[in-house]
Amino acid sequence: MTTARPVALLDLDGTLMDSASGIVASVRTAYAAVGLPAPDEATMRSFAGPPIAWSFTTHGVPVDLVDAAITGYGEHFGREGVWDTRVFDGVPEALVALREAGVLLVVATAKPLRWAEPICAETGLTPLLDHVVGAPDDESETKGEIIGRALAWVRGTVEDAGYRAVMLGDREHDVHGAAEHGLPCLGALWGYGGAEELLAAGAVEVLASPADVPGAVLARVTG
């Protein structure tokens, strides 16, 4: 009889790393590129995490200008914004504790993979992770689709052993995306969504700090 492998799917922006300042600068550049006034600072910070096309259409960019806004965002972010980030305090220690407990750690992020992989390497996260799944370059996938690809990788890795998985994220998109695959989602209160958003979306628990992550994850995926 095999034992199911414990798995944690991890959002990146707002969960493992604080990338808001670089994202805000790139969002401001994108609005200027399409001739629209940028939203307020709090709204621009909310772009961290969700698929970028959803964020632009939700915050006043007409459908016919979304592609141009995404292009403007991508050019600035790829040149400057991607590097303006830091890992949240306590995250490396939480990841180490989970790996030592045998948990498979897989990033599932709406950030394009072409940016997610190098920034994980630059910030020292790569050695602490088992795999990184990111959005395609055009950022056309939903969070649920990205999580689906992450789970496909997990299934191919664990094979007949099976798995028990939980998602950790800071926005409603993480909760909804996990629910599409029958997974519970833990909310990261140190990110950009907040308790009200996460609980309304259906998060099974909200965590105050990265120090709470190992215990909460292990309670869901072991035993």
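Student: Two strands pair if DSSP finds at least two bridges between them. Over how many bridges do β1 and β6 pair?

Tutor: Strands β1 and β6 (residues 163-169) pair in the parallel sense over six bridges, and Leu-10 stands opposite Leu-168 in β6. Strands (E, at least two residues) and helices (H or I, at least four) are DSSP runs numbered from the N terminus. This is a predicted model, in which local features need pLDDT of at least 70 and side-chain atom pairs pLDDT 80 or more, while totals for chains, interfaces and linings use all residues. Residues are numbered from 1 along each chain as its sequence is written, and side-chain values use heavy atoms, without hydrogens and water.

Student: What is the strand order of the open sheet?

Tutor: The six strands run β5-β4-β1-β6-β7-β8, with parallel pairing. Strands β5 and β8 (205-207) stand at the edges with a single partner strand each, so one side of each has no neighbour in the sheet.

Student: Changing topic, which residues of α5 are buried?

Tutor: In α5 (residues 91-100) they are Val-91, Ala-94, Leu-95 and Leu-98. Seen down the axis of α5, they fall within an arc of 95° (taken from the directions from the axis to the C-beta atoms), so they line one face of the helix.

Student: And what is on the face turned away?

Tutor: That face of α5 carries Glu-93 and Glu-100, both exposed (over 50%). Just after α5, Gly-102 takes a positive phi of about 90°.

Methods: Buried < 20%, exposed > 50% of the residue type's maximum accessible area, 1.4 Å probe, protein only.
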